Amino acid sequence: MTTKDFAIKWLVYALALLPVWFLQSFVLSRFPLFGVKPMLLPLAAVAVATLEGAAGGAGFGLAVGLLFDAAVPGFPGVWILVLTGIGLGTGLLARYVLRQDLVGCFLCSVMALAIIDLLRILVRLLTGAAPLEAMLSLAGRESIWSLCFVPPVYLIFRWVFNRVPKATVL
Amino acid sequence: MKDFFKDNGIIILVIALLLTLITAVVSFTFGGIANPFANLAGVVATPFRNGIHSVVTWAEGLYSDAFRREEVEAELERYKQRVAELEEQARSGEAASRENERLRDLLGFQQKHTELQTEPATVTAHGSSNWSSTLTVSKGSRAGVEPGDCVIDQYGNLVGIIWEVGLNWSTLITVVDVDLEMGAMIARTDEAAIIEGDFSLMGQGKLKLTYLPQGEQLLAGDEILTSGLVSGGTATYPSGILVGHVEQVRTDAGGMNDYAVLSPATDLASLEQVFIIKEFEVVE
(Lines give C-alpha, C1' and ligand atoms only; values in the text may rest on other atoms or scores of the structure.)
Protein backbone atom coordinates (compact mmCIF):
# COMPACT_ATOMS: atom_id res chain seq x y z
CA MET A 1 0.00 0.00 0.00
CA THR A 2 1.38 3.38 -0.98
CA THR A 3 1.51 6.37 1.35
CA LYS A 4 -1.31 7.91 -0.69
CA ASP A 5 -3.48 4.80 -0.22
CA PHE A 6 -2.66 4.84 3.47
CA ALA A 7 -3.66 8.52 3.78
CA ILE A 8 -6.88 8.05 1.81
CA LYS A 9 -7.82 4.99 3.83
CA TRP A 10 -7.56 6.77 7.18
CA LEU A 11 -9.20 9.89 5.79
CA VAL A 12 -12.21 7.77 4.83
CA TYR A 13 -12.24 6.27 8.36
CA ALA A 14 -12.12 9.82 9.76
CA LEU A 15 -15.05 10.82 7.54
CA ALA A 16 -16.97 7.77 8.74
CA LEU A 17 -16.35 8.96 12.30
CA LEU A 18 -18.11 12.27 11.60
CA PRO A 19 -21.74 10.98 11.70
CA VAL A 20 -20.94 9.07 14.90
CA TRP A 21 -19.47 12.20 16.50
CA PHE A 22 -22.40 14.27 15.21
CA LEU A 23 -24.93 11.82 16.67
CA GLN A 24 -23.23 11.73 20.08
CA SER A 25 -22.37 15.41 20.38
CA PHE A 26 -25.40 17.11 18.85
CA VAL A 27 -28.36 14.76 18.68
CA LEU A 28 -28.18 12.38 21.64
CA SER A 29 -26.74 15.05 23.94
CA ARG A 30 -29.81 17.18 23.25
CA PHE A 31 -32.37 14.38 23.04
CA PRO A 32 -31.20 11.66 25.46
CA LEU A 33 -32.79 8.21 25.32
CA PHE A 34 -34.87 7.88 28.49
CA GLY A 35 -32.55 10.33 30.21
CA VAL A 36 -29.36 8.59 29.10
CA LYS A 37 -26.81 9.84 26.56
CA PRO A 38 -25.14 6.82 24.90
CA MET A 39 -21.35 6.83 24.37
CA LEU A 40 -20.69 6.26 20.68
CA LEU A 41 -17.10 7.43 20.17
CA PRO A 42 -15.55 4.49 22.11
CA LEU A 43 -17.69 2.14 20.00
CA ALA A 44 -16.13 3.62 16.86
CA ALA A 45 -12.62 2.99 18.23
CA VAL A 46 -13.58 -0.61 19.06
CA ALA A 47 -15.19 -1.23 15.65
CA VAL A 48 -12.11 -0.04 13.72
CA ALA A 49 -9.77 -1.97 16.04
CA THR A 50 -11.82 -5.15 15.50
CA LEU A 51 -11.45 -4.79 11.74
CA GLU A 52 -7.95 -3.34 11.43
CA GLY A 53 -6.06 -5.07 14.24
CA ALA A 54 -3.84 -3.74 17.02
CA ALA A 55 -1.76 -1.10 15.24
CA GLY A 56 -4.63 0.43 13.27
CA GLY A 57 -6.86 0.16 16.32
CA ALA A 58 -4.34 1.93 18.53
CA GLY A 59 -3.87 4.73 15.98
CA PHE A 60 -7.59 5.25 15.50
CA GLY A 61 -8.10 4.95 19.27
CA LEU A 62 -5.60 7.77 19.76
CA ALA A 63 -7.49 10.01 17.33
CA VAL A 64 -10.85 9.14 18.92
CA GLY A 65 -9.28 9.70 22.35
CA LEU A 66 -8.29 13.24 21.37
CA LEU A 67 -11.85 13.91 20.19
CA PHE A 68 -13.39 12.27 23.28
CA ASP A 69 -11.06 14.24 25.54
CA ALA A 70 -12.21 17.47 23.91
CA ALA A 71 -15.89 16.48 24.01
CA VAL A 72 -16.16 15.14 27.56
CA PRO A 73 -15.12 17.28 30.52
CA GLY A 74 -13.01 15.89 33.35
CA PHE A 75 -9.92 13.64 33.41
CA PRO A 76 -7.85 15.87 31.08
CA GLY A 77 -5.75 13.76 28.75
CA VAL A 78 -6.68 10.44 30.33
CA TRP A 79 -9.11 9.44 27.57
CA ILE A 80 -6.33 9.68 24.97
CA LEU A 81 -4.39 6.93 26.72
CA VAL A 82 -7.48 4.90 27.65
CA LEU A 83 -8.91 4.82 24.13
CA THR A 84 -5.51 4.08 22.58
CA GLY A 85 -5.22 1.18 25.02
CA ILE A 86 -8.75 0.04 24.20
CA GLY A 87 -7.94 0.15 20.47
CA LEU A 88 -4.76 -1.82 21.00
CA GLY A 89 -6.39 -4.38 23.30
CA THR A 90 -9.40 -4.81 21.04
CA GLY A 91 -7.17 -5.37 18.02
CA LEU A 92 -5.23 -8.09 19.81
CA LEU A 93 -8.33 -9.72 21.33
CA ALA A 94 -10.29 -9.71 18.08
CA ARG A 95 -7.37 -11.21 16.14
CA TYR A 96 -6.08 -13.82 18.58
CA VAL A 97 -8.92 -14.64 21.01
CA LEU A 98 -12.28 -13.59 19.56
CA ARG A 99 -13.35 -13.08 15.96
CA GLN A 100 -13.05 -10.03 13.71
CA ASP A 101 -16.81 -9.71 13.28
CA LEU A 102 -19.86 -8.14 14.91
CA VAL A 103 -19.83 -10.59 17.84
CA GLY A 104 -16.18 -9.86 18.56
CA CYS A 105 -16.88 -6.13 18.27
CA PHE A 106 -19.84 -6.43 20.64
CA LEU A 107 -17.84 -8.30 23.30
CA CYS A 108 -14.96 -5.84 23.04
CA SER A 109 -17.46 -2.93 23.29
CA VAL A 110 -18.82 -4.40 26.52
CA MET A 111 -15.28 -4.48 27.91
CA ALA A 112 -14.43 -0.98 26.63
CA LEU A 113 -17.55 0.59 28.18
CA ALA A 114 -16.90 -1.30 31.43
CA ILE A 115 -13.31 0.03 31.57
CA ILE A 116 -14.41 3.63 30.94
CA ASP A 117 -17.20 3.57 33.51
CA LEU A 118 -15.07 1.68 36.03
CA LEU A 119 -12.47 4.42 35.77
CA ARG A 120 -15.12 7.09 36.34
CA ILE A 121 -16.56 5.22 39.30
CA LEU A 122 -13.15 4.64 40.91
CA VAL A 123 -12.20 8.32 40.69
CA ARG A 124 -15.52 9.44 42.15
CA LEU A 125 -15.30 6.82 44.89
CA LEU A 126 -11.84 8.10 45.84
CA THR A 127 -13.06 11.69 45.96
CA GLY A 128 -16.32 10.69 47.68
CA ALA A 129 -18.25 12.68 45.08
CA ALA A 130 -21.09 10.22 44.57
CA PRO A 131 -22.73 7.13 46.10
CA LEU A 132 -21.70 3.80 44.54
CA GLU A 133 -25.28 2.61 44.00
CA ALA A 134 -26.21 5.68 41.94
CA MET A 135 -23.03 5.42 39.89
CA LEU A 136 -23.53 1.71 39.15
CA SER A 137 -27.11 2.39 38.12
CA LEU A 138 -26.01 5.15 35.73
CA ALA A 139 -23.11 3.08 34.34
CA GLY A 140 -25.48 0.15 33.72
CA ARG A 141 -28.08 2.25 31.89
CA GLU A 142 -25.40 4.07 29.93
CA SER A 143 -23.74 0.80 28.84
CA ILE A 144 -27.02 -0.85 27.82
CA TRP A 145 -28.10 2.09 25.68
CA SER A 146 -24.62 2.45 24.20
CA LEU A 147 -24.50 -1.25 23.28
CA CYS A 148 -27.68 -0.79 21.23
CA PHE A 149 -25.57 1.31 18.87
CA VAL A 150 -22.83 -1.32 18.33
CA PRO A 151 -24.44 -2.87 15.19
CA PRO A 152 -24.97 0.42 13.28
CA VAL A 153 -21.54 1.79 14.25
CA TYR A 154 -19.87 -1.51 13.33
CA LEU A 155 -21.72 -1.64 10.00
CA ILE A 156 -20.57 1.88 9.08
CA PHE A 157 -16.92 0.98 9.61
CA ARG A 158 -17.37 -2.49 8.10
CA TRP A 159 -18.67 -0.76 4.97
CA VAL A 160 -15.56 1.45 4.90
CA PHE A 161 -13.26 -1.52 5.64
CA ASN A 162 -14.62 -3.42 2.63
CA ARG A 163 -13.77 -0.49 0.36
CA VAL A 164 -10.28 0.51 1.49
CA PRO A 165 -6.90 -1.26 1.06
CA LYS A 166 -6.43 -3.92 3.75
CA ALA A 167 -2.75 -3.85 4.75
CA THR A 168 -1.86 -1.13 7.23
CA VAL A 169 1.64 0.28 6.83
CA LEU A 170 2.99 2.50 9.57
CA MET B 1 11.37 -6.97 18.07
CA LYS B 2 11.07 -3.73 16.11
CA ASP B 3 8.34 -5.30 13.95
CA PHE B 4 6.52 -6.56 17.01
CA PHE B 5 6.33 -3.04 18.40
CA LYS B 6 5.29 -1.64 15.02
CA ASP B 7 2.67 -4.33 14.39
CA ASN B 8 1.11 -4.13 17.80
CA GLY B 9 0.87 -0.41 18.10
CA ILE B 10 3.05 -0.16 21.19
CA ILE B 11 4.74 2.89 19.67
CA ILE B 12 1.33 4.52 19.27
CA LEU B 13 0.60 3.70 22.89
CA VAL B 14 3.82 5.46 23.94
CA ILE B 15 2.81 8.49 21.84
CA ALA B 16 -0.62 8.44 23.53
CA LEU B 17 1.08 8.32 26.93
CA LEU B 18 3.17 11.37 26.06
CA LEU B 19 0.10 13.25 24.76
CA THR B 20 -1.76 12.34 27.94
CA LEU B 21 1.05 13.66 30.10
CA ILE B 22 1.32 16.89 28.09
CA THR B 23 -2.46 17.43 28.19
CA ALA B 24 -2.69 16.69 31.91
CA VAL B 25 0.26 18.94 32.80
CA VAL B 26 -1.05 21.82 30.65
CA SER B 27 -4.56 21.43 32.10
CA PHE B 28 -3.37 21.41 35.70
CA THR B 29 -0.90 24.27 35.13
CA PHE B 30 -3.41 26.57 33.42
CA GLY B 31 -6.51 25.51 35.38
CA GLY B 32 -9.66 26.37 33.46
CA ILE B 33 -7.86 27.21 30.22
CA ALA B 34 -8.49 24.59 27.55
CA ASN B 35 -5.47 22.41 26.70
CA PRO B 36 -4.05 22.85 23.15
CA PHE B 37 -5.82 19.79 21.69
CA ALA B 38 -9.20 20.64 23.22
CA ASN B 39 -8.77 24.27 22.16
CA LEU B 40 -7.97 23.29 18.57
CA ALA B 41 -10.87 20.84 18.45
CA GLY B 42 -13.16 23.52 19.90
CA VAL B 43 -12.04 26.21 17.45
CA VAL B 44 -12.45 23.85 14.46
CA ALA B 45 -15.81 22.60 15.73
CA THR B 46 -17.27 26.02 16.60
CA PRO B 47 -18.58 26.90 13.11
CA PHE B 48 -20.09 23.41 12.80
CA ARG B 49 -21.59 23.68 16.29
CA ASN B 50 -23.13 27.06 15.45
CA GLY B 51 -24.55 25.76 12.17
CA ILE B 52 -25.87 22.54 13.66
CA HIS B 53 -27.34 24.46 16.59
CA SER B 54 -29.26 26.70 14.17
CA VAL B 55 -30.60 23.70 12.26
CA VAL B 56 -31.62 21.86 15.45
CA THR B 57 -33.31 25.00 16.83
CA TRP B 58 -35.16 25.48 13.54
CA ALA B 59 -36.28 21.82 13.58
CA GLU B 60 -37.42 22.15 17.19
CA GLY B 61 -39.42 25.23 16.21
CA LEU B 62 -41.12 23.30 13.42
CA TYR B 63 -41.89 20.44 15.80
CA SER B 64 -43.33 22.85 18.37
CA ASP B 65 -45.47 24.51 15.73
CA ALA B 66 -46.77 21.18 14.50
CA PHE B 67 -47.28 19.16 17.65
CA ARG B 68 -47.15 21.45 20.68
CA ARG B 69 -49.42 24.29 19.59
CA GLU B 70 -52.11 23.65 22.23
CA GLU B 71 -49.50 23.16 24.94
CA VAL B 72 -47.75 26.41 23.97
CA GLU B 73 -51.06 28.31 23.91
CA ALA B 74 -51.94 27.02 27.40
CA GLU B 75 -48.48 28.03 28.58
CA LEU B 76 -48.93 31.50 27.08
CA GLU B 77 -52.23 31.86 28.94
CA ARG B 78 -50.54 30.88 32.22
CA TYR B 79 -47.77 33.43 31.59
CA LYS B 80 -50.32 36.16 30.85
CA GLN B 81 -51.97 35.49 34.21
CA ARG B 82 -48.59 35.47 35.91
CA VAL B 83 -47.62 38.79 34.28
CA ALA B 84 -50.87 40.34 35.54
CA GLU B 85 -50.12 39.11 39.08
CA LEU B 86 -46.57 40.43 38.93
CA GLU B 87 -47.72 43.80 37.60
CA GLU B 88 -50.06 44.04 40.57
CA GLN B 89 -47.17 43.19 42.92
CA ALA B 90 -44.90 45.70 41.17
CA ARG B 91 -47.48 48.46 41.61
CA SER B 92 -47.74 47.83 45.35
CA GLY B 93 -43.95 47.49 45.53
CA GLU B 94 -43.36 50.85 43.90
CA ALA B 95 -44.75 52.73 46.89
CA ALA B 96 -42.52 50.78 49.27
CA SER B 97 -39.54 51.33 46.99
CA ARG B 98 -40.12 55.10 46.91
CA GLU B 99 -40.46 55.17 50.69
CA ASN B 100 -37.25 53.15 51.02
CA GLU B 101 -35.46 55.60 48.72
CA ARG B 102 -36.69 58.59 50.75
CA LEU B 103 -35.55 57.01 54.01
CA ARG B 104 -32.14 56.17 52.53
CA ASP B 105 -31.77 59.75 51.36
CA LEU B 106 -32.71 60.97 54.84
CA LEU B 107 -30.10 58.71 56.45
CA GLY B 108 -27.50 59.42 53.78
CA PHE B 109 -27.21 55.76 52.66
CA GLN B 110 -26.10 55.01 49.14
CA GLN B 111 -28.58 53.05 47.10
CA LYS B 112 -27.71 49.33 47.15
CA HIS B 113 -27.18 48.02 43.65
CA THR B 114 -25.17 45.55 41.66
CA GLU B 115 -23.51 46.53 38.42
CA LEU B 116 -22.89 43.67 36.03
CA GLN B 117 -20.70 43.69 32.96
CA THR B 118 -22.09 40.90 30.83
CA GLU B 119 -21.14 39.23 27.56
CA PRO B 120 -24.03 37.72 25.57
CA ALA B 121 -23.40 34.22 24.23
CA THR B 122 -25.32 31.49 22.46
CA VAL B 123 -25.58 27.93 23.75
CA THR B 124 -24.09 25.90 20.90
CA ALA B 125 -23.99 22.41 22.40
CA HIS B 126 -25.20 20.39 25.34
CA GLY B 127 -22.68 18.16 27.16
CA SER B 128 -22.56 14.60 25.87
CA SER B 129 -21.59 12.98 29.19
CA ASN B 130 -24.04 11.50 31.69
CA TRP B 131 -21.52 12.10 34.47
CA SER B 132 -21.60 15.86 34.37
CA SER B 133 -23.97 18.60 33.27
CA THR B 134 -22.30 21.04 30.91
CA LEU B 135 -23.09 23.46 28.12
CA THR B 136 -20.83 24.90 25.43
CA VAL B 137 -21.27 28.58 24.64
CA SER B 138 -20.08 30.69 21.73
CA LYS B 139 -17.71 33.07 23.55
CA GLY B 140 -14.21 32.43 24.88
CA SER B 141 -11.01 34.11 25.97
CA ARG B 142 -11.10 36.40 22.90
CA ALA B 143 -14.24 38.02 24.40
CA GLY B 144 -12.65 38.30 27.83
CA VAL B 145 -14.36 35.27 29.35
CA GLU B 146 -12.48 33.69 32.27
CA PRO B 147 -12.84 30.46 34.24
CA GLY B 148 -15.12 30.98 37.24
CA ASP B 149 -17.32 33.63 35.58
CA CYS B 150 -20.98 33.36 36.48
CA VAL B 151 -23.50 32.69 33.71
CA ILE B 152 -27.14 33.81 33.81
CA ASP B 153 -30.07 33.49 31.43
CA GLN B 154 -32.11 36.35 29.92
CA TYR B 155 -34.30 36.47 33.04
CA GLY B 156 -31.30 36.80 35.38
CA ASN B 157 -31.49 33.24 36.71
CA LEU B 158 -28.24 31.41 37.45
CA VAL B 159 -27.25 28.96 34.71
CA GLY B 160 -23.81 27.92 35.91
CA ILE B 161 -20.12 28.72 36.12
CA ILE B 162 -17.54 28.87 33.34
CA TRP B 163 -15.34 25.78 33.71
CA GLU B 164 -13.06 25.71 30.67
CA VAL B 165 -12.24 28.52 28.28
CA GLY B 166 -11.09 28.18 24.67
CA LEU B 167 -10.37 30.85 22.11
CA ASN B 168 -13.92 31.29 20.78
CA TRP B 169 -15.83 28.87 22.98
CA SER B 170 -16.29 28.06 26.66
CA THR B 171 -17.71 25.17 28.61
CA LEU B 172 -19.78 25.87 31.68
CA ILE B 173 -20.93 23.54 34.43
CA THR B 174 -24.61 24.05 35.08
CA VAL B 175 -26.25 24.59 38.47
CA VAL B 176 -27.05 20.87 38.74
CA ASP B 177 -23.50 19.60 38.07
CA VAL B 178 -21.84 17.68 40.91
CA ASP B 179 -18.80 19.99 40.83
CA LEU B 180 -20.83 23.12 41.54
CA GLU B 181 -20.80 24.49 45.08
CA MET B 182 -21.48 28.06 46.15
CA GLY B 183 -22.87 30.20 48.90
CA ALA B 184 -26.61 30.76 48.89
CA MET B 185 -29.24 32.74 50.73
CA ILE B 186 -32.87 31.92 51.46
CA ALA B 187 -34.69 34.97 50.07
CA ARG B 188 -37.58 34.86 52.59
CA THR B 189 -35.38 34.79 55.70
CA ASP B 190 -31.95 36.04 54.50
CA GLU B 191 -30.37 32.96 56.11
CA ALA B 192 -27.20 31.57 54.54
CA ALA B 193 -26.72 28.02 53.22
CA ILE B 194 -24.77 26.20 50.53
CA ILE B 195 -26.03 25.04 47.14
CA GLU B 196 -24.32 22.05 45.58
CA GLY B 197 -24.83 19.55 42.81
CA ASP B 198 -25.74 16.02 43.76
CA PHE B 199 -25.02 12.97 41.63
CA SER B 200 -28.40 11.32 42.29
CA LEU B 201 -30.34 14.55 41.66
CA MET B 202 -28.35 15.64 38.58
CA GLY B 203 -30.15 13.14 36.34
CA GLN B 204 -33.48 14.66 37.41
CA GLY B 205 -32.18 18.16 36.66
CA LYS B 206 -32.19 19.20 40.34
CA LEU B 207 -29.66 20.26 42.98
CA LYS B 208 -29.58 20.50 46.76
CA LEU B 209 -29.32 23.11 49.47
CA THR B 210 -27.19 22.00 52.41
CA TYR B 211 -25.94 23.39 55.73
CA LEU B 212 -29.45 24.58 56.46
CA PRO B 213 -29.64 27.03 59.39
CA GLN B 214 -30.63 25.46 62.70
CA GLY B 215 -34.39 25.56 63.22
CA GLU B 216 -34.97 26.96 59.73
CA GLN B 217 -38.42 26.08 58.43
CA LEU B 218 -38.16 25.96 54.66
CA LEU B 219 -41.33 26.15 52.62
CA ALA B 220 -41.95 24.63 49.20
CA GLY B 221 -41.43 27.40 46.66
CA ASP B 222 -38.95 29.38 48.76
CA GLU B 223 -36.59 31.29 46.49
CA ILE B 224 -32.87 30.60 46.83
CA LEU B 225 -30.41 33.30 45.74
CA THR B 226 -26.63 33.45 45.46
CA SER B 227 -25.08 35.01 48.54
CA GLY B 228 -21.83 36.07 46.83
CA LEU B 229 -19.15 33.83 48.27
CA VAL B 230 -16.38 35.80 49.91
CA SER B 231 -12.86 34.70 49.12
CA GLY B 232 -9.99 36.77 50.51
CA GLY B 233 -12.32 39.71 50.98
CA THR B 234 -13.47 39.68 47.36
CA ALA B 235 -16.85 38.40 46.30
CA THR B 236 -16.35 35.51 43.87
CA TYR B 237 -19.89 35.58 42.51
CA PRO B 238 -22.45 38.38 42.47
CA SER B 239 -25.14 38.13 45.12
CA GLY B 240 -28.89 38.11 44.62
CA ILE B 241 -29.03 35.93 41.50
CA LEU B 242 -31.98 33.55 41.59
CA VAL B 243 -30.79 29.94 41.66
CA GLY B 244 -34.02 28.02 42.13
CA HIS B 245 -36.98 27.13 44.31
CA VAL B 246 -37.30 24.69 47.20
CA GLU B 247 -39.20 21.55 46.24
CA GLN B 248 -38.94 19.48 49.39
CA VAL B 249 -36.81 18.95 52.47
CA ARG B 250 -35.16 15.56 53.02
CA THR B 251 -32.93 14.00 55.62
CA ASP B 252 -29.56 12.60 54.49
CA ALA B 253 -28.68 8.89 54.57
CA GLY B 254 -27.05 9.23 58.00
CA GLY B 255 -30.27 10.69 59.40
CA MET B 256 -28.36 13.57 60.96
CA ASN B 257 -28.76 16.49 58.59
CA ASP B 258 -31.54 17.92 56.51
CA TYR B 259 -31.14 19.22 53.01
CA ALA B 260 -33.54 20.76 50.55
CA VAL B 261 -34.07 19.65 46.97
CA LEU B 262 -34.13 22.63 44.60
CA SER B 263 -35.47 22.90 41.09
CA PRO B 264 -33.38 25.39 39.08
CA ALA B 265 -35.09 28.61 38.05
CA THR B 266 -33.57 28.38 34.59
CA ASP B 267 -34.79 25.86 32.03
CA LEU B 268 -31.54 24.09 31.15
CA ALA B 269 -33.07 21.93 28.42
CA SER B 270 -34.24 24.81 26.25
CA LEU B 271 -31.58 27.45 26.90
CA GLU B 272 -30.44 29.32 23.84
CA GLN B 273 -29.12 32.70 24.98
CA VAL B 274 -27.02 33.27 28.09
CA PHE B 275 -25.06 36.16 29.59
CA ILE B 276 -21.60 35.69 31.03
CA ILE B 277 -20.88 38.04 33.94
CA LYS B 278 -17.31 39.17 33.28
CA GLU B 279 -17.15 41.84 35.99
CA PHE B 280 -19.46 42.97 38.75
CA GLU B 281 -19.54 45.55 41.47
CA VAL B 282 -21.82 45.46 44.49
CA VAL B 283 -22.51 48.77 46.23
CA GLU B 284 -23.98 48.16 49.69
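User: Which helix axes come within 10 Å in chain A, and at what angle do the axes cross?

Analyst: Start with the general idea. Two packed helices are described by the angle between their axes and the distance between the axes. Now the case here, in a predicted model. The axes of helix α1 (residues 3-27) and helix α6 (residues 150-161) of chain A come within 10 Å. They cross at roughly 160 degrees.

User: What does that angle say about the directions of α1(A) and α6(A)?

Analyst: Angles over 145 degrees count as roughly antiparallel. α1(A) and α6(A) are therefore roughly antiparallel to each other. The crossing of α1(A) past α6(A) is right-handed.

User: Which residues make the contact?

Analyst: From α1(A) come A:Val12, A:Tyr13, A:Ala16 and A:Val20. From α6(A) come A:Val153, A:Ile156, A:Phe157 and A:Val160. By class, this contact of α1(A) with α6(A) has eight nonpolar residues, no polar ones and no charged ones.

User: Now one residue. Is A:Ala71 buried or exposed?

Analyst: Count the neighbours. A residue is buried if 20 or more other C-beta atoms lie within 10 Å of its own. A:Ala71 has 22 C-beta neighbours inside 10 Å, so A:Ala71 counts as buried. A:Ala71 lies in helix α2 (residues 41-71) of chain A.

User: Which residues is A:Ala71 in contact with, beyond its neighbours within four places in sequence?

Analyst: The contacts are A:Ser25 and B:Ser128. A:Ala71 and A:Pro131 are 60 residues apart along the chain, and their C-alpha atoms are separated by 25 Å.

User: Let's move to chain B. How many helices and strands does chain B have?

Analyst: Chain B has five helices and 14 strands. Of its 284 residues, 34% count as buried. Its C-alpha atoms fill a box of roughly 85 × 50 × 45 Å along the principal axes. Take the contacts in chain B between residues at least 6 apart in sequence: 58% of them join residues at least 24 apart.

User: How do I read a strand? Which strands does β4(B) bridge to?

Analyst: First, the general idea. In a regular strand the side chains alternate between the two faces of the sheet. Now follow the bridges. Strand β3 (residues 150-153) of chain B runs antiparallel to β4(B), and three bridges join them. One pair is B:Cys150 with its bridge partner B:Ile161 in β4(B). Strand β5 (residues 170-174) of chain B also runs antiparallel to β4(B), with five bridges. There, B:Ile162 has B:Leu172 of β5(B) as its bridge partner.

User: How many residues of β4(B) are buried?

Analyst: Eight of the eight, so β4(B) is largely enclosed by the rest of the structure.

User: Last topic: the interface. How many residues of chain B are in contact with chain A?

Analyst: In general, the size of an interface is often given as the accessible area lost when the parts come together. Here we count residues instead. 37 residues of chain B are in contact with 43 residues of chain A. Several elements of chain B each supply at least two residues to that side, among them α1 (2-7), α3 (36-67) and β4 (158-165). α2(B) gives the most, with 10 residues. The side of chain B that touches chain A divides into 17 nonpolar, 17 polar and three charged residues.

Definitions and conventions:
Residues numbered from 1 in each chain as written. Chains lettered and ligands numbered in written order. Predicted model: local features only at pLDDT ≥ 70, side-chain atom pairs only at ≥ 80, totals over all residues. Helix = DSSP H or I, 4+ residues; strand = E, 2+ residues; numbered from the N terminus. Buried ≥ 20, exposed ≤ 12 C-beta atoms within 10 Å, placed from the backbone. Contact = placed C-beta atoms within 7 Å. Nonpolar A, V, L, I, M, F, W, Y, C, P; charged D, E, K, R; others polar. Axes fitted to C-alpha atoms, helices over the stretch in contact; angles between N-to-C directions. Parallel < 35°, antiparallel > 145°, perpendicular 65-115°, else oblique. Left-handed = near helix turned anticlockwise from the far one by under 90°. Pairing = 2+ DSSP bridges.
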